[in-house]
Amino acid sequence: MRVALFLTCVNDTLYPDTGRAVVKLLTRLGVEVDFPMAQTCCGQAHYNTGYRHEAEPLARHFSDVFGEYEAIVTPSGSCGAMVRELYPRMGERARAEGRGDALAATLAPVVPKTYELTEFLVDVLGVTDVGAYYPHKVTYHPTCHGLRGLGLGERPRRLLKAVKGLELVELPGAEECCGFGGTFALKNSDVSAAMGADKVHNAESTGAEVLCAADNSCLMHIGGTMARLRTGMRPVHIAEILASTEEEPAA
């Protein structure tokens, strides 16, 4: 199977190791992975801040770049939700504004074949045991877009439970937002920081060494809070855990 890796802006700029982990993991599972060099922002930051029209050229470009692939895999619940949930809405709004069906038709091909990494593994490849090894105590935070937008449900936990050496402990208040929310963290910084502190205190109570999630933007927020509170815990993307093996263990 030939898929495209949609890395996203945050990962490309700040967390390239997550992208490398996705490629390593999928290649190990027999998937041919391409990285289209023309990929750019999907438009989520623009759309969520109220610049819907400005997001449209980015969405069109996304469809042009990724449209030929069998599947588009992203290690980001929020950007995955942008394509799956909000691209159709953009087309509907353009139609309602009297601009016809062109935008909806352009975006339609990429919507059903865009997958967040864990749902691609479980739903498309049909695997939960990916041959990973990670001898650490881990707690999992289900990020809002993955939980509420994409409905990832138990897929990440099923994958983590199958990792050799990993002890998975439940996170109290797991379904509560960490407080990031993109520009929400800037516009409502005091509330965002308080929500982040609550999330980190809950994570600390588990005794876990690592808090993992499927979205690095949330892990960036949580990790910053962990560092300021001097918790000793580490934020790690789930892709990096699943890519880890006994022969090539992750830190």
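User: Starting with strands β5 and β6, how many bridges pair them, and in which sense?
Analyst: In this predicted model, strand β5, which covers residues 137–140, pairs with strand β6, residues 167–169, over three bridges, and the pairing is in the parallel sense.

User: Ok, and which residue is the bridge partner of Thr139 in β6?
Analyst: The bridge partner of Thr139 in β6 is Val169.

User: What joins β5 to β7?
Analyst: Strand β5 is joined to strand β7, residues 210–213, by three bridges, and these two strands run parallel. Within that pairing, Val138 stands opposite Val210 of β7.

User: Switching to the open sheet, in what order do its strands come?
Analyst: The open sheet is formed by four strands in the order β2-β1-β3-β4, with parallel pairing. Strands β2 (32–34) and β4 (114–116) stand at the edges, and because each has a single partner strand, one side of each is left without a neighbour in the sheet. From one strand to the next, the twist averages 35 degrees.

User: What about β3 and β4, how many bridges join them?
Analyst: Strand β3, residues 71–74, is joined to β4 by three bridges, and the two run parallel. One place to look is Ile72, whose bridge partner in β4 is Thr114.

User: Which strands does helix α2 touch?
Analyst: Helix α2, residues 16–28, packs on the sheet and touches β1 (2–5), β2 and β3, while its direction makes about 170 degrees with that of β1.

User: And which ones does α5 touch?
Analyst: Helix α5, residues 77–96, also packs on the sheet, where it touches β3 and β4, and the direction of α5 makes about 155 degrees with that of β4.

User: New topic: why is helix α7 described as largely enclosed?
Analyst: Helix α7 runs over residues 117–124, and six of its eight residues are buried, so the helix is largely enclosed by the rest of the structure. The buried residues in α7 are Leu117, Thr118, Glu119, Phe120, Leu121 and Val122. Just after the helix, Gly126 takes a positive phi of about 70 degrees.

User: Glu119 is in that list, so what is its relative accessibility?
Analyst: The relative accessibility of Glu119 is 4%, and it counts as buried because the cut-off for that word is under 20%.

User: Which side chain does Glu119 make a polar contact with?
Analyst: The side chain of Glu119 is joined to that of Arg84 by a polar contact of 2.6 Å. The Glu119 side chain also reaches the backbone nitrogen of Glu116, at 3.0 Å.

User: What else is Glu119 in contact with, leaving aside neighbours within four places in sequence?
Analyst: With those neighbours left aside, Glu119 is in contact with Arg84, Thr114, Val124, Leu150, Leu152 and Arg155.

User: Last topic, how many disulfides does the count come to?
Analyst: The count comes to zero disulfides. Cys178 is in no disulfide, and the nearest cysteine sulfur to it, that of Cys218, is 4.1 Å away, whereas a disulfide would need the two sulfur atoms within 2.5 Å.

User: Is Cys178 buried or exposed?
Analyst: Cys178 is buried, with a relative accessible area of 2%.

User: And how far from Cys212 is the nearest cysteine sulfur?
Analyst: For Cys212, which is in no disulfide, the nearest cysteine sulfur is that of Cys218, 12 Å away. Cys212 counts as buried, at 0% relative accessibility.

Terms used. Residues numbered from 1 in each chain as written. Predicted model: local features only at pLDDT ≥ 70, side-chain atom pairs only at ≥ 80, totals over all residues. Heavy atoms only, no water. Pairing = 2+ DSSP bridges. Axes fitted to C-alpha atoms, helices over the stretch in contact; angles between N-to-C directions. Contact = heavy atoms within 4.5 Å. Buried < 20%, exposed > 50% of the residue type's maximum accessible area, 1.4 Å probe, protein only. Polar contact = N/O pair within 3.5 Å; in protein donor to acceptor, adjacent residues only side chain to side chain.
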